[in-house]
Amino acid sequence: MRPDTWWIFTDVNFLRFFGAGLIQTMLLSVAAIALAFVVALVFALGRMSHRRWLRWPSIAYIETIRALPVLLLIVFFYIKGSSLLQPIFGPEFNLQPFWAGVLGLGLYTSAVLAEIIRAGILSLPRGQTEAARALGLSHVRAMRYVILPQGLRLMVPAMMSQLTTIIKDTSLVATIGVSDLLGQGRIIYNRYFNPIEVFLFVAVIYFVICFALSQASRRLELGNAPKAARAKIREIQLRDQAA
Amino acid sequence: MPGGIIFEFPQQYLYPDGLWTTIQLSVLGLIGSIVLGIVIALFRISPFLPLRWLGTAYVEFFRNTPLLVQLFFLFFALPALGIRFSDDAFVFNFRAAVLGIALYHAAYVAEVIRGGLLGVDRGQIEAARSLGLSYRQMLREVQLPQAVRSVIPPIGNIAIALAKNTALAKTIGVAELLAAGDYVEAATFRTVEAYVAVALLYLVLTLPMAAGVNWLEKRLLVAR
């Protein structure tokens with residue numbers, strides 16, 4: 001019989017070790033969603049633009065990225081990120097695995113968020129745009145002051161549940177050597193050969209965080225959004241919930 | 001030409017083999033997750049309370065933990081518990097990956113099917129019961145057939161997600177498409193080409209699926 005190692009979860013030093021991983025996981029999620037939101041806004045507006053040279057590249061970006069596995073993006077930036085960014089940051093630049101993870105996750109999520117934002121904006125009644133334009137606002141100002149504030153507010157619950165997906169997805173960076181929660185778990189496992197204890201413990205921590213977040217987003221509910229937008233969001237979330 | 005690297009190793013078939021493994025993982029995983037998902041969905045609408053709790057616990061646990069953690073658990077912990085699907089390491093990895101993918105996506109499938117079952121008009125169910133059908137007969141003859149139509153497009157969306165998520169099988173040593181890309185990259189150092197080829201093959205796999213789902217959605221929506 002294998003000696004059991006449940007005792008390590010009562011040891012403060014081990015808990016601190018896992019805590020450091022949890023902090024990495026959280027930082028990574030926040031950085032990824034911040035990057036994703038900015039990029040998503042650009043491509044969502046691009047996709048709804050009337051100019052073809054803006055619309056087509058945006059559609060191509062969103063549909064391509066959505067059709068690829070996140071792990072592919074993360075691995076690609078892990079291996080190639082440094083040399084891709086060297087023209088910008090100088091020849092000595094070395095992309096840390098953490099930031100490779102942020103880039104991969106953030107870009108993938110940006111395509112998903114762009115679709116969510118677009119669904120929110122398209123669900124607004126046409127009268128909103130028309131009234132804004134009739135009052136003499138330019139297209140840009142109508143977007144900035146009338147459409148975007150309403151559309152984004154409608155989509156807050158959808159974005160929150162996307163955050164749970166991102167937190168789950170951050171576990172993928174353990175495969176490129178970032179010491180996130182799962183990465184720390186693997187280090188402990190390699191030292192003590194106690195996969196059952198370690199992976200159950202890690203799973204429970206992920207579960208507590210994601211369950212709390214998804215309950216919170218369910219509480220907010222998509223109640224305000226029109227039915228068509230809700231159906232669209234459900235579809236996006238089913239197709240793009242990655243690991 | 002992007003993707004030309006796919007045809008450069010004629011005697012090794014790295015990319016075709018990887019693509020074939022990915023397709024196998026997707027198909028087997030999807031079948032498993034649908035079968036399991038139907039069972040869990042029936043648990044979740046069961047009139048028997050403990051079964052309902054069990055179904056809810058399953059769905060919430062598997063939806064709120066990362067697939068990678070589940071795969072690692074199957075891959076590392078099951079042998080430690082004395083459970084081995086096969087003595088052959090490669091076969092074991094493959095089976096663990098299929099099982100993990102099926103378990104994870106079954107939770108999503110179960111939610112979709114539950115929604116479909118609850119979407120069936122209550123009058124139908126009451127009429128069937130008052131005609132003297134037992135609960136099981138009513139499920140099989142009335143409720144399940146009506147739910148199928150509304151459930152197919154969302155399951156198509158899950159299938160797309162599943163096909164993408166098979167990439168995670170790489171981390172437990174299954175030689176699927178992304179792993180093939182890794183081998184080629186390591187052998188040739190032509191990183192961009194190697195991974196662009198992988199991306200193209202994933203697009204070949206998932207874009208037709210997405211188009212098919214959109215088509216189904218429109219077709220089934222009109223008839224509703």
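How many residues has α9(A), and how far does α9(A) reach from its first C-alpha to its last?

Analyst: This is a predicted model, in which local features need pLDDT of at least 70, side-chain atom pairs count only at pLDDT 80 or more, and totals for chains, interfaces and linings use all residues. Residues are numbered from 1 along each chain as its sequence is written, while chains are lettered from A and ligands numbered from 1 in the order in which they are written.

Helix α9(A) has 26 residues and reaches 37 Å from its first C-alpha to its last, close to the 38 Å expected at 1.5 Å a residue. Helices (H or I, at least four residues) and strands (E, at least two) are DSSP runs numbered from the N terminus, and the expected span of a helix is 1.5 Å times one less than its number of residues.

Among the buried residues of α9(A) are Phe199(A), Phe201(A), Val202(A), Ile205(A), Tyr206(A) and Ile209(A). A residue is buried if 20 or more other C-beta atoms lie within 10 Å of its own, exposed if 12 or fewer, and partly exposed in between, with C-beta atoms placed from the backbone. The buried residues of α9(A) pack against α1, α7 (156-169) and α8 of chain A, together with α3 of chain B. Contact requires that the C-beta atoms of two residues, placed from the backbone, lie within 7 Å.

The partner helix α8(A) has twelve residues and spans 17 Å between its first and last C-alpha, close to the 16 Å expected at 1.5 Å a residue. Its buried residues include Leu181(A), Leu182(A), Arg186(A) and Ile188(A). These buried residues of α8(A) pack against α1 (12-47) and α9 of chain A and against α3 (67-80) of chain B. Just after α8(A), Phe193(A) takes a positive phi of about 50 degrees.

Chain B itself has eight helices and zero strands. Buried residues make up 43% of its 224 residues, and its C-alpha atoms fill a box of roughly 70 × 50 × 25 Å, taken along the principal axes. Of the contacts in chain B with a separation of 6 or more, 77% join residues 24 or more positions apart.

Elsewhere in chain A, Leu107(A) lies in helix α4 (residues 97-122). Leu107(A) counts as buried because it has 21 C-beta neighbours inside 10 Å. Not counting residues up to four places away in sequence, Leu107(A) touches Val39(A), Ile65(A) and Leu73(A).

As to confidence, the model scores ipTM 0.89 and pTM 0.90. Chain B averages a pLDDT of 88, and 96% of the residues score at least 70; pLDDT is the predictor's confidence in each residue, from 0 to 100.
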